[in-house]
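Welcome, and thanks for taking a look at this one with me. Below are some numbered notes to read alongside the structure.

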Amino acid sequence: MKEQIEQIKVTSIEEVKNAKDLRELSDLKVKYLGKKGELTSVLRGMKDLRPEERPVIGELVNKVRDELNELFESIEKELQEAELARKLEEEKIDVTLPSNKAKRGSKHPLNRVIEEIEDLFVSMGYDVVDGPELETDEYCFERLNLPKGHPARDMQDSFYITPEHLLRTQTSAVQARVMMANEEKSPIRVIVPGKTYRREDDATHSHQFNQVEGLVIDKGITLAHLKGTLEVFMRKLLGDNTQLRFRPSYFPFTEPSYEVDVSCFKCGGKGCNLCKQTGWIELLGAGMVHPNVLKMNGYDPEKYSGFAFGTGLDRLAMFKYGITDMRYLYRNDVRFLTQFDQMDREGK
Ligand code: PHE
C-alpha cells in the first residue's frame, strides 16, 4: 500500500507539473483529490489493514494530500499568471496608433453667416421669417410697386414657371407677405434669410444665391434708423472699423433708395485689388418703404413709415471668409467646407 501511495504521488506530481491550462489542472484535482479520486480510494482500503499500520498509512496519505494541495495551488497561480500575460499580450492596445476618428460634418459658410445675422437681429427684437421660393408675380413684383410691364422688371432676369409663377428673384417678396399677413396692421420688425434665383452664372454670380431682407415698419421710422441699423449689422459682421457710404439709387419699392457700400475691410479704405482701388465695396440695397407699397399692403402711409434693406449672403460670406469664387459655395467639396471649422477654432 505504501508503494501504491508513493506511486500515486510520483505520477500525480508529474502530471500536475505538466498541466497546460487551468482546465487540465482542475481535471487532475478531481482525478487525485476528488471524492472518487485515487488518494480517496486508497483511504477506503484502510479497513483491510492491520490496526497498527493504519495510523502510518493515514499519516502518509495526509502528507501526500497536503503536498499535492500545495502543488495544485502554486501551479494554479502560475497558470493564472501565464493566462493573464497571454491575454495582455494578445489584447494590448497601442495608444500611438492613429485612431478611427468619426468624421464630423462642418457648418457651411453660408449657414455660419446666416446664424450670425439671425443672432444679431433677434437680439434687437426682430423676428426671423420665411416665404416661398416659388413665388407669384403678384408678391415678387406687383405688390412691390412693380406692375406688369414696368421697365424696372428688367433689372432682374427671372425664371418663370407659368405666366403667374416664378422662382423668386428677391426676398423682398416676403415684405409684402409679412405686411399682408399682419391683420392688425401693427408694427413690423423682421429679417428674411432665404434662397433667390436669377438667370446668371459667373465667378461672382450664381443662378441660385441667398439674400437676407430686413423690414421695419412703425410710427416715426426715419432714414436715421436705417443707417444706424445697417451700421450695427455691418460692423458686427465685418469688423468694428467698417464705415458705411449711402449712394442714391433706385428701387421701385423704396423711396428714397440707396446702394450702401462698406469700407473695404481688406485695405481699410486705401484701395486694393478687392475693392478695385476704390476703397469701397457695394453690399446692400436699401431705402424707405415706398408709400405705394405700404398702401397696397394695407398700411396707412400717413401713419406709418418704414425702412427695408436687402443684401446678398453669398457675397457677404465671400468677403468674410476671403472666398474667391461664389460657385465654391455650391460644390460640396469637403476640402473647401472643412476649412471654416479650422478658422473658427483659430478664432477668425
Ligand atoms: N431686393 C433688392 C435686390 O435684390 C434689394 C433691396 C431690398 C433694395 C430692400 C431695397 C430694399 O436688389
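**Notes for a first look**

1. Let's begin with Val42, which lies in helix α3 (residues 38-44); helices (H or I, at least four residues) and strands (E, at least two) are DSSP runs, numbered from the N terminus. Val42 is buried, with a relative accessible area of 2%. Here buried means under 20% relative accessible area, exposed over 50%, and partly exposed in between (1.4 Å probe, protein chains only). Beyond its neighbours within four places in sequence, Val42 is in contact with Met1, Gln4, Ile5, Ile8 and Val61, where contact means heavy atoms within 4.5 Å. Pro193 is 151 residues from Val42 in sequence, and their C-alpha atoms are 96 Å apart in space.

2. A word on the model itself: it is predicted, with local features needing pLDDT of at least 70 and side-chain atom pairs counting only at pLDDT 80 or more, while totals for chains, interfaces and linings use all residues. Residues are numbered from 1 along each chain as its sequence is written, and side-chain values use heavy atoms, leaving out hydrogens and water.

3. Next, please look at helix α2 (residues 22-33) and helix α4 (residues 53-90), whose axes come within 10 Å and cross at roughly 170 degrees. Axes are lines fitted to C-alpha atoms, for helices over the stretch in contact, and angles run from 0 to 180 degrees between N-to-C directions. The two helices α2 and α4 are therefore roughly antiparallel to each other; angles under 35 degrees count as roughly parallel, over 145 as roughly antiparallel, 65 to 115 as roughly perpendicular and the rest as oblique.

4. Which residues of α2 and α4 meet? From α2 come Leu22, Leu25, Leu28, Lys29, Tyr32 and Leu33, and from α4 come Arg65, Leu68, Asn69, Phe72, Ile75, Glu76, Leu79 and Gln80. The residues of this contact of α2 with α4 divide into 9 nonpolar, 2 polar and 3 charged. For that division, Ala, Val, Leu, Ile, Met, Phe, Trp, Tyr, Cys and Pro count as nonpolar, Asp, Glu, Lys and Arg as charged, and the others, Gly among them, as polar.

5. On to the aromatic rings: a search of the whole structure finds 12 aromatic pairs. One of them joins Phe121 and Tyr126, edge-to-face, at 4.8 Å centre to centre with 70 degrees between the planes. Rings of Phe, Tyr and Trp (its six-membered ring) pair if their centres lie within 6.5 Å; planes under 30 degrees apart count as stacked, over 60 as edge-to-face and the rest as tilted.

6. In helix α7 (residues 173-181), the buried residues include Ala173, Val174, Gln175, Ala176, Val178 and Met179. What covers the buried residues of α7 includes β2 (134-136), α6 (137-140), β5 (188-197), β6 (208-218), α9 (291-296) and β10 (305-312).

7. Ile217 has its place in strand β6 and, at 0% relative accessibility, counts as buried. Leaving aside neighbours within four places in sequence, the contacts of Ile217 are Met179, Pro187, Ile188, Leu294, Tyr299, Tyr304, Ser305 and Gly306.

8. Leu329 is found in the loop between α10 (313-321) and α11 (334-337), and is buried, with a relative accessible area of 3%. Setting aside neighbours within four places in sequence, Leu329 is in contact with His108, Pro109, Leu110, Asp314, Met318, Ile323 and Phe336.

9. Finally, some backbone details to check. Most residues other than glycine have a negative phi, and most peptide bonds are trans. The peptide bond from Glu255 to Pro256 is cis, with omega near -5 degrees, and Pro256 lies in strand β8 (residues 254-263). Lys185, in the loop between α7 and β5, has a positive phi near 50 degrees. Lys276, in the loop between β8 and β9 (280-289), has a positive phi of about 55 degrees; Lys276 is exposed, with a relative accessible area of 70%.
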